[in-house]
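Q: Can you walk me through this structure? I'd like to start with the ligand and then go on to strands and salt bridges.

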Amino acid sequence: MMKIGMLTSGGDCQALNAAMRGVVKGLTTNVDELEIYGFENGYKGLIYEQYRILTASDFSGILTRGGTILGSSRQPFKQMRVPDENGLDKVEAMKSTYRKLGLDCLVILGGNGTQKTANLLREEGLNIIHLPKTIDNDIYGTDVTFGFQSAVNIATNAIDCIHTTASSHGRVFIVEIMGHKVGSLTLHAGVVAGGADIILLPEIPYDIDKVVDAIHKRTKDGKGFTILAVAEGAISKDDAQLTKKQYKAKVASRRYPSVSYEIADQIQEKCGVEVRVAVPGHTQRGGSPCPYDRVLCTRLGSAAAKAIMDGKFGCMIAMINNKTKCVPLGEVAGKLKTVDPDSQMIQEAKRIGISFGD
Ligand code: F6P
């Protein structure tokens, strides 16, 4: 009898169910006896022994369903070694649940923070497989994460929709794109949409005067409107000089809900034009996975099943050059994949006239 546990942790995305389905289908097709323990709401379920015993049929018909059938929650890595409010040692509790159930492996789907805890559990002796999930595409060691392409599609659609109304009204519009501290989603949605005239990323601190120049240039060229795709983590050149602590304090005290509103105010003041901000927010994580993510997850899930059957644990199942690969968790956990400001894609975008405000 093979016993596996599964959990989905951190911010959700569209393709978590598709990935779990891939794992389970890969196992049930090839393993005679399988028991699946689905932990509820991420690591919480593992800590507090909240789980459901699932069967193959629970994973049937969920390829297209967004969210996660297991539920998710954020359990910060930094807090993992801190006892809970009742003094419970969370790491020991997770190990104890795993051992009590006699699991052969724990499949963990999540982003960077989740991956760090997965690595910690590996170091503590558990058999772990990690599947790289996040709309931010910021996991080191894989070309792409699942959820990313679905989010690109939604963010692109948001920019497309803003295009028509911006051009009717001759307005400057800011579309704020998710991505936490990384600009991959904004870059792809901004460039793929073909419509963002200015793209502001955390990796390329902006100079507001350069942004204003780019707007003026468009006006001079007879373009009646401008669209800015701004990453939620975008940062000005001045703010980039601050220490982490100083910047945190500045963000905490600023009167704007996010950086986009600050930029909007500055543009309005410097250009005397009307600026609107549109924030698609969590819609970028919602709905069903796009076909690309369905294929990606089916492949990653199937590769995870193979790794489990081969007894190859302690790794992330990555996609590298269109091939699935087991990458040791110890080599990637704690590293962030950011946008390279000198990458071809940035250069190509600049060549077609997109401003990065630098
Ligand atoms: O990591 C995924 C993500 O959607 C980020 O892009 C965003 O910054 C964050 O999660 C939002 O988190 P929450 O859902 O907790 O508000």
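**Ligand, strands and salt bridges**

A: The residues around the ligand are Arg74, Ile135, Asp136, Met178, Gly179, His180, Glu232, His282 and Arg285. Here a residue counts if one of its heavy atoms lies within 4 Å of the molecule.

Q: What should I know about the model and the numbering?

A: This is a predicted model: local features need pLDDT of at least 70, side-chain atom pairs count only at pLDDT 80 or more, and totals for chains, interfaces and linings use all residues. Residues are numbered from 1 along each chain as its sequence is written, and side-chain values use heavy atoms, with hydrogens and water left out.

Q: How far is the side chain of Asp136 from an oxygen atom of the ligand?

A: An N or O atom of the Asp136 side chain is 2.7 Å from a ligand oxygen. Glu232 has a polar side-chain atom 2.5 Å from an oxygen atom of the ligand. For His282, the distance from a polar side-chain atom to a ligand oxygen is 2.8 Å.

Q: And how much of the ligand does the protein bury?

A: The protein buries 72% of the 390 Å² that the ligand exposes when taken alone. Accessible areas come from the Shrake-Rupley method with a 1.4 Å probe.

Q: Switching to strand 5. Is it buried or exposed?

A: Buried: 5 of the 5 residues of strand 5 (residues 128-132) are, so the strand is largely enclosed by the rest of the structure. Buried means under 20% relative accessible area, exposed over 50%, and partly exposed in between (1.4 Å probe, protein chains only). Strands are DSSP runs of E with at least two residues, helices are runs of H or I with at least four, and both are numbered from the N terminus.

Q: Which strands does strand 5 pair with?

A: Strand 4 (residues 105-110) pairs with strand 5 in the parallel sense over 5 bridges. Gly110 stands opposite Pro132. Between these strands the chain passes through helix 4 (residues 112-123), and this β-α-β crossover is right-handed. That means the path from the first strand over the helix to the second runs clockwise, with the strands pointing away from the viewer. Strand 5 also pairs with strand 10 (residues 315-320), again parallel, over 2 bridges. There, Ile129 stands opposite Cys315. Two strands pair if DSSP finds at least two bridges between them.

Q: New topic. How many salt bridges are there?

A: The structure holds 19. A salt bridge is a side-chain nitrogen of Lys or Arg within 4 Å of a carboxyl oxygen of Asp or Glu.

Q: What about Asp209?

A: Asp209 forms a salt bridge with Lys270, with the closest N and O atoms 3.1 Å apart. Asp209 is in helix 7 and Lys270 in helix 10 (residues 259-271), 61 residues apart. Asp209 counts as partly exposed, at 40% relative accessibility. Lys270 is also partly exposed, at 42%.

Q: Which residues form a salt-bridge network?

A: Arg81, Glu92, Lys95 and Glu124 are linked in one.

How values were computed
Polar contact = N/O pair within 3.5 Å; in protein donor to acceptor, adjacent residues only side chain to side chain.
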